[in-house]
Each structure stands twice: as C-alpha cells, then as structure tokens.
Amino acid sequence: DSVRRQPFGNRAHPFPRSPVLFMYRHPFDILVSEFGYYHTDGRTVFANYLSGLSDDERLRRLVDDPRLLGSLRDRIFQFSAWLEFDNVIPVSFEELVGSSGGGDDEIREILIWSILLKLQHAGAPADLAERIYGRRSPTFREGRVGNWVEKLSPEIRQILSVQPEDYLQQFGYSAAPGDGAHPPPTRIDEFRNRPLEFSKVNPKDTSILIEVDFLGHNIVGFRG
C-alpha cells in the first residue's frame with residue numbers, strides 16, 4: 001500500500017541502498033514469548049482479547065486463531081521474505097545469546113566479526129558481545145534459547161505439528177527438540193557468508209513530486 005501512497009512509488013526510500021539487520025529466532029520460542037507478554041494490560045492493543053483465558057486457552061489461541069491473530073505460521077511466514085533481500089543481514093537469536101543464554105560464545109563472536117566486516121566498521125567482537133543484552137528492556141524475560149521444549153505441552157505441540165513446517169524450514173529450524181542441546185538454525189553459514197548488495201540507483205538525481213498545491217506551490221525533492 002505504501003507504494004501507492006508514497007511519492008515516486010516509495011522508490012526513494014533508503015531501504016534498497018542501506019544495510020539492514022534482521023533478527024529472528026525459533027518460532028516456538030517466539031510463541032512462548034508472546035504467551036508471556038501479549039495478555040498483559042498496556043503491552044498490546046489486543047491484551048484484553050487474551051487476558052481472561054487460562055494458560056492453555058491462551059496458548060491455543062496464539063497457535064491458531066482464525067478471527068484476529070491468525071496462526072503462528074501466519075505471523076512468522078509473512079516475515080520470511082526479508083531473508084531474500086540481498087541488503088539484509090539475517091541474524092539469529094541463537095547465535096547472539098552466547099553461553100549465558102544457552103548458545104555458544106565462539107559462534108557469537110564469529111557472527112559479530114562477520115557483521116563488522118560487512119558494515120566495514122571497526123570493533124572488537126569480544127567487547128561487543130558483552131554489550132548485546134539489554135536486560136532492562138520491557139520485553140526481556142530469560143534471554144535463553146529452547147524455552148519452548150519445557151514450556152509447550154504435548155497437546156500444544158500436537159496442534160503445531162498439524163500446521164505445515166515450511167515457516168520453520170524457511171529460517172532453518174525444526175519442530176523436533178534436540179537431545180538437551182539447542183543448535184543454531186541450519187542457514188546461519190549461508191547468511192553469514194552472503195555478500196551485501198545494494199541498489200545502484202540514486203533517486204536524488206531524479207526530481208520527485210512530494211506534495212501538490214501546498215500553499216499554492218508544488219514541493220519537489222531533488223538532489224537532497
């Protein structure tokens with residue numbers, strides 16, 4: 001819709017010419033996070049839709065709700081297209097958490113180093129790794145990977161198993177829990193090694209009609 005509403009079909013937006021960090025995590029852990037957050041008054045506009053339910057009812061509604069929230073697959077799958085943009089750097093939560101969150105410190109440093117290289121930015125991966133967590137964030141709870149293995153009942157997992165797993169596979173995840181370990185998604189090497197590419201067109205060289213008849217004048221953007 002923004003293409004229709006914005007000047008120049010929104011082609012002047014800086015997105016195609018900018019690097020974008022896109023963080024993702026296991027959708028089942030996202031479900032657990034939604035379960036612990038969405039129903040609290042003031043945190044979401046639809047909190048009242050979930051607040052009066054039992055834990056099991058709330059989880060079931062978050063897994064598959066045909067009226068308002070859609071299914072977990074619906075909510076996750078619509079973000080998967082971000083993975084296909086060459087200017088996007090996909091970064092998994094499992095890579096970022098390090099050993100304190102159930103991950104691996106070496107994998108985290110390799111990821112941070114690769115991002116610094118892509119952005120051509122100076123920095124020490126080990127120093128940056130220690131400053132990633134924002135524990136004061138209102139959405140921070142445990143900051144761990146694989147919570148879903150403990151939090152989701154067999155009944156909820158059964159409901160999830162009926163849904164196609166394509167939304168999991170898009171990000172390199174599986175619906176099967178590991179043997180006590182929670183490995184990072186399978187696509188991390190692919191994303192880490194993918195070179196950044198940006199649009200080569202500079203819209204500033206094109207006169208763009210921004211607004212018509214503003215105090216009797218047309219406003220045009222041109223070369224900044």
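Student: Is Arg108 buried or exposed?

Tutor: Arg108 is buried, with a relative accessible area of 8%, where buried means under 20% relative accessible area, exposed over 50% and partly exposed in between, for a 1.4 Å probe and protein chains only. Please keep in mind that this is a predicted model, in which local features need pLDDT of at least 70 and side-chain atom pairs count only at pLDDT 80 or more, while totals for chains, interfaces and linings use all residues. Residues are numbered from 1 along each chain as its sequence is written, and side-chain values use heavy atoms, with hydrogens and water left out.

Student: OK, and which side chain meets Arg108 in a salt bridge?

Tutor: Asp105 does, with 3.4 Å from N to O; a salt bridge is a side-chain nitrogen of Lys or Arg within 4 Å of a carboxyl oxygen of Asp or Glu. Asp105 is partly exposed, with a relative accessible area of 33%.

Student: Where do Arg108 and Asp105 lie?

Tutor: Both are in helix α7 (residues 105–119), three residues apart, which is about one turn of the helix. Helices (H or I, at least four residues) and strands (E, at least two) are DSSP runs, numbered from the N terminus.

Student: How many salt bridges does the structure hold?

Tutor: The structure holds nine salt bridges. One of them joins Arg73 and Asp166, whose closest N and O atoms are 2.7 Å apart. Arg73 lies in helix α5 (residues 72–77) and Asp166 in helix α11, so this pair ties together parts that are 93 residues apart in sequence.

Student: What ring does Arg73 lie over?

Tutor: Arg73 lies over the face of Phe77, at 5.0 Å from the ring centre. A charge sits over a ring if NZ of Lys or CZ of Arg is within 6 Å of the ring centre and within 35 degrees of the ring normal.

Student: Switching to rings, how many aromatic pairs are there?

Tutor: A search of the whole structure finds 11 aromatic pairs. Rings of Phe, Tyr and Trp (its six-membered ring) pair if their centres lie within 6.5 Å, and planes under 30 degrees apart count as stacked, over 60 as edge-to-face and the rest as tilted. Tyr24 and Tyr173 form an edge-to-face pair, 6.1 Å centre to centre with 70 degrees between the planes.

Student: Why does the pair of Tyr24 and Tyr173 tie together parts apart in sequence?

Tutor: Tyr24 lies in strand β1 (residues 20–24) and Tyr173 in the loop between α11 (166–171) and α12 (188–193), so the parts tied together are 149 residues apart in sequence. Tyr24 and Tyr173 are both buried.

Student: What strand does β1 pair with?

Tutor: β1 pairs with strand β4 (residues 88–92) in the parallel sense over five bridges, and two strands pair if DSSP finds at least two bridges between them. In β4, Val88 stands opposite Val20.

Student: What backbone oxygen does the side chain of Arg194 reach at 3.0 Å?

Tutor: That is the backbone oxygen of Val88, a polar contact, meaning a pair of N or O atoms within 3.5 Å; within protein, one must be able to donate a hydrogen and the other to accept it, and residues adjacent in sequence count only if both atoms are side-chain atoms. Arg194 is buried yet has no salt bridge, and the nearest side chain of opposite charge, Asp86, is 4.7 Å away. Here Lys and Arg count as positive and Asp and Glu as negative, while His and the chain ends are not counted.
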